[in-house]
Amino acid sequence: MINWRTALLPPALAIVFAMLLSSVALLISGANPLDAFATMGAQLFHGNTAVSTVNLAIVYYLAGLAAAIGFQMNVFNIGVEGQYRFAAVVAAIVGGWMQLPPVLHVVAILVVAVASGALYALLPALLKVYRGVSEVITTIMLNSIVFGIVAFLINPEQFGVLHGNNLSTEEIAPSGRIPGIPLGEAGTLFGFVVIAAALGYGYWFMLNRTRFGFELKASGESKTAAAAGGVSARKMTLAAMLISGGVAGLVAMPELLGRDYVYAMTATQGYGFTGLAVALLGRNHPAGIAFGALLWAFLDRSAVSLESIGIPSEIATIMQGTIVLSVVVAYEIVRRADLAAEQRRVGRAGNGRPASVAEGGAV
Amino acid sequence: MEKPDPTATTSARRLPGWARGALWAVVAIGVLSTASYLTDMPILTSSDTSQTALRLGLPILLAAIGGLWAERAGVMNIGLEGMMILGTWGSAWGAYYGGVWVGLAAGILFGLLGGLLHAVAVVTFNVNHIVSGVAINLLGLGVAKYLANLVFEPISGNPRESPPVEKFDTYSATFLSDWLGALEDEQRVVLSDVAGLLRGLVTHVSPLAMIALLLVPASYFVLWRTRFGLRLRSCGESPVAAESLGVNVYLHKYIAVAASGGFAGMGGASLVLLEGGADYLENQVNGRGYIGLAAMIFGNYRPSGLLGGAALFGYADGLQLSGGGAAVLALCYGAVLLLAVIVVLQLVRRHWWAAAGGVAGAAVLYWIYWTNDELPSDLIPYTPHFVTIIVLAVAAQRLRVPKAIGQQYRRGEDT
């Protein structure tokens, strides 16, 4: 059973703490924090901000899922960033080159994206499993290298096309696009939202209802215990890393197939790092990740509105960093408080006599 | 984990550490001079290259020293990157108002604050080390951008850049430098190569570079030759055992992580305050904190090793910057030569699989060298990153990692 207090209190505390801290920063810079927060809230109701926030949240949700799969196995796939950009550029090139009937075209692009995301995660996975190289370092290096690879592939000498001043891949034909869900005045929601929701359910189902998910979690909790139960930690690490990379491959797809149709040099970066933060905020739970993604997208979008009233938009970045750090600290504090309360409860139940081992007393 | 190998009777094993380091340095110079002679690329060993390498290697060296202090106390420090970013802002700010030394101090102070934050999260609140590190990288970037917007924008008119700041003066050992320069120009085999590499290291050297290089033996002395260092390292090996002997584990971890942040901040300062470096510039750190961590891991968590790692990455970076694609290809050639030496060593030790792997790697590298005249210019700037991955893949299994690294520790709890 979910303990609502331990699940919901920490994020709430963290958000309050982040607001307090950014208020201090705002006061130092001579701005009125209340004004700033009011502007951030009010911008949701202007034009299409609400829908574009949700659209951004879809992207963050996918990145969060990718990171969460790694976290379940105690693998820190910091490489979501590199994997999604590599997958995006490869999928955009292949998608622009392919000529297929409508649905098939989309499916083919998605398959290419998943495969190339997993491929980019393969090297760190293999190095981790067979050479003991920390995946943190290798994936970070690959994150940097992906800049070079994208620039190289989008170069007109390879697969790029020059549109005005901007280099990008070939445009994907209409058969390879995912239609959006029109919401009238408010804008158009990415059709990918359906796939994202399905992935979230699939992730939950895999972890909680399949043997593989159980083995993954067990192995993440304790490698030795899982090994005693016949679960190979190597295999699980490899699997977690590859699945994580595969999901990461989808991160750029909502925008690629729903809005941009090309992958350009100027495409937004940093979704992968956001994914890590979002997964932490949501404690690797699919619903929690959705909440984290929405919060993050809201903060990102509101940064723009802050500029308009003359407040540096970086305050949103500071809030995001503070939230991540304070949410993990808050979870720890609540955990300790729960533990202490549990011990007191057990102590009281003993009516003066020492608690027995079964009740949590000392041996 | 490497098993003790009874057949390991080669001399390299029994040599003391400094002698092995010297041996590797000789091998490296030999390989480089042979490669530069055979590929006709004098830039491989020119004084320009080694001078650029020293400048580019410094931030990495300092970050690596920072990593050493934290990891030896059992704390993983992915947050080095964020602490370096804080250091770049701090040093530009300090240098603008108070000159270089104030800038250096401010850079160290800002990095130290980042380190303290990491210590609070990791030591006091038992937050997962990598999670906290990632958060600090986010925060460091956000805070630096915010402060730059607030403080630098009114002065420089650009929120991404600081106004020009004072740089460190540089000093040259004039006689030595001239003599080595003359020797380099004579273009004699080996001799000129050594002269070129050395000349870069004694020409236009800043006090910061000297301090950073001195920090390597200083760190060794403090961590391995003092009581405080022994206690600090014991926190990284077994905090519970350390606690049972009366060591204040929290205090030592706090000091170690704060010092780590200070060194990282100094690394950030070295990006700003050195001649030829930019002033504060957004994204100028660009992953150097991570590369520093990789250099430290490559150096097997030892001061002398991390010096080698930083030199390697600095050299790769300096070479691609001053020589471009052709020079990197020549470096590939040099790597083939180095692999040949390693393969011979492995054959002598009867490590057949390692030798086969070495031959395969050499074949691939030689193929790259043979079939390409010019490497794609988009990928050249990432030479140090490629080198990092390759080197870690080759070296990682011999590592002796501090035992309790990344583990959560609470006083009085036995884990």
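**Exercise 1. Two helices in chain A**

Does α3(A) pass α7(A) in a left-handed or a right-handed crossing? Work out how these two helices sit against each other, keeping in mind that the model is predicted.

*Solution.* 
- Start with the geometry: the axes of α3 (residues 49-72) and α7 (residues 192-209) of chain A come within 10 Å and cross at roughly 15 degrees.
- Angles under 35 degrees count as roughly parallel, so α3(A) and α7(A) are roughly parallel to each other.
- Now the hand: the crossing of α3(A) and α7(A) is left-handed.
- Next, find the residues that touch. On α3(A) they are A:Ile58, A:Tyr61, A:Leu62, A:Leu65, A:Ile69 and A:Gln72, and on α7(A) they include A:Phe192, A:Ala196, A:Gly200 and A:Tyr203.
- Sort this contact by class, and you get eleven nonpolar, two polar and no charged residues.

**Exercise 2. A helix pair in chain B**

Describe how α3(B) and α13(B) pack, and name residues that meet there.

*Solution.* 
- Helix α3 (residues 47-72) of chain B packs against α13(B) at an angle of about 60 degrees, and their axes are 7 Å apart.
- The hand of this crossing is right-handed.
- From α3(B), the residues in the contact include B:Pro59, B:Ala63, B:Gly67 and B:Glu71; among their partners in α13(B) are B:Arg288, B:Gly292 and B:Met296.
- By class, the contact of α3(B) with α13(B) holds nine nonpolar, three polar and two charged residues.

**Exercise 3. Where the chains meet**

Which element gives the largest share of the side of chain B that touches chain A?

*Solution.* 
- Begin with the totals: 38 residues of chain B are in contact with 35 residues of chain A.
- Then look for elements of chain B that give two or more residues to this side: they are α6 (129-156), α13 (288-298) and α16 (383-395).
- The largest share, 14 residues, comes from α6(B).
- Finally, the classes on this side of chain B are 27 nonpolar, nine polar and two charged.

Key. Residues are numbered from 1 along each chain as its sequence is written. Chains are lettered from A and ligands numbered from 1 in the order in which they are written. This is a predicted model: local features need pLDDT of at least 70, side-chain atom pairs count only at pLDDT 80 or more; totals for chains, interfaces and linings use all residues. Two residues are in contact if their C-beta atoms, placed from the backbone, lie within 7 Å. Helices (H or I, at least four residues) and strands (E, at least two) are DSSP runs, numbered from the N terminus. Ala, Val, Leu, Ile, Met, Phe, Trp, Tyr, Cys and Pro count as nonpolar, Asp, Glu, Lys and Arg as charged, and the others, Gly among them, as polar. Axes are lines fitted to C-alpha atoms, for helices over the stretch in contact, and angles run from 0 to 180 degrees between N-to-C directions. A crossing is left-handed if the near helix is turned anticlockwise from the far one by less than a right angle, and right-handed if clockwise. Angles under 35 degrees count as roughly parallel, over 145 as roughly antiparallel, 65 to 115 as roughly perpendicular and the rest as oblique.
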